[in-house]
Amino acid sequence: MNRRNFIKSACTVCALGLAGMALPTLLSSCATTEVFEASATAGKIVLPLGIMAERKTRIIRVAQLVNDIALCYSRDGELTALVMQCTHFPNLLVFRGPGFYCSVHGSSFDLAGEVTHGPAKQPLKQLQTMVAGDSIIIKIKETI
């Protein structure tokens, strides 16, 4: 085997090995909740209340926004909308069952948005959320 083929083979083995280690984590984070596609109009997102039926958390994706929004029931039963962006480094967060995880430096947050593991020190940004009839209304700023 010549040097070129050896390096090519070694790189392929490494890439497959890394993919094999990361794949279960990626799949587990994908399988935990469905993403609900929504749109924003006049600085707010209006969602049907039924999307939270029998769920503690729902990820909301709005095409006009950079970050997803996590809609969660708090311990006291109130709906909370959290911007899924790390407060330590502006990286998108991944939802993992008990909370949210930042893949850049390892910060994690609980479903209330509080830091459970640093280096982040600030909680996640909360958006004003209210229930009106059969709708959930989340007030947003277009910059999130």
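Q: Which side chains meet in a salt bridge, at 2.8 Å from N to O?
A: Happy to start here, with a note that this is a predicted model, where local features need pLDDT of at least 70, side-chain atom pairs count only at pLDDT 80 or more, and totals for chains, interfaces and linings use all residues. Residues are numbered from 1 along each chain as its sequence is written, and side-chain values use heavy atoms, with hydrogens and water left out. A salt bridge needs a side-chain nitrogen of Lys or Arg within 4 Å of a carboxyl oxygen of Asp or Glu, and the count comes to one. The side chains that meet are those of Asp-68 and Arg-61.

Q: Is Asp-68 buried or exposed?
A: Buried means under 20% relative accessible area, exposed over 50%, and partly exposed in between (1.4 Å probe, protein chains only). Asp-68 has a relative accessible area of 16%, so Asp-68 is buried.

Q: Which side chain is joined to that of Asp-76 by a polar contact of 2.3 Å?
A: Asp-76 sits in the loop between strand 5 (69-73) and strand 6 (79-83); strands here are DSSP runs of E, at least two residues long, numbered from the N terminus. A polar contact is a pair of N or O atoms within 3.5 Å; within protein, one must be able to donate a hydrogen and the other to accept it, and residues adjacent in sequence count only if both atoms are side-chain atoms. A polar atom of the Asp-76 side chain also lies 3.4 Å from the backbone nitrogen of Glu-78. The side chain joined at 2.3 Å is that of Ser-74.

Q: What is the phi of Ala-42?
A: Most residues other than glycine have a negative phi. Ala-42 lies in the loop between strand 2 (40-41) and strand 3 (44-48) and is exposed, at 74% relative accessibility. Although Ala-42 is not a glycine, its phi is positive, at about 55°.

Q: Where is Glu-54, a residue with a positive phi near 55°?
A: Glu-54 is a residue other than glycine with that positive value. Its relative accessible area is 86%, so Glu-54 is exposed. Its place is in the loop between strand 3 and strand 4 (57-62).

Q: Which strands stand at the edges of the sheet, each with a single partner strand?
A: Two strands pair if DSSP finds at least two bridges between them. The open sheet has four strands in the order 2-3-13-12, with antiparallel pairing. Each edge strand has a single partner, so one side of each is left without a neighbour in the sheet: these are strand 2 and strand 12 (129-132).

Q: What is the bridge partner of Thr-41 in strand 3?
A: Strand 2 and strand 3 run antiparallel and are joined by two bridges. In strand 3, the partner of Thr-41 is Lys-44.

Q: Which backbone nitrogen lies 2.9 Å from a polar atom of the Ser-107 side chain?
A: Ser-107 is in the loop between strand 8 (99-102) and strand 9 (108-110). At 0% relative accessibility, Ser-107 is buried. The backbone nitrogen at 2.9 Å belongs to Ala-120.
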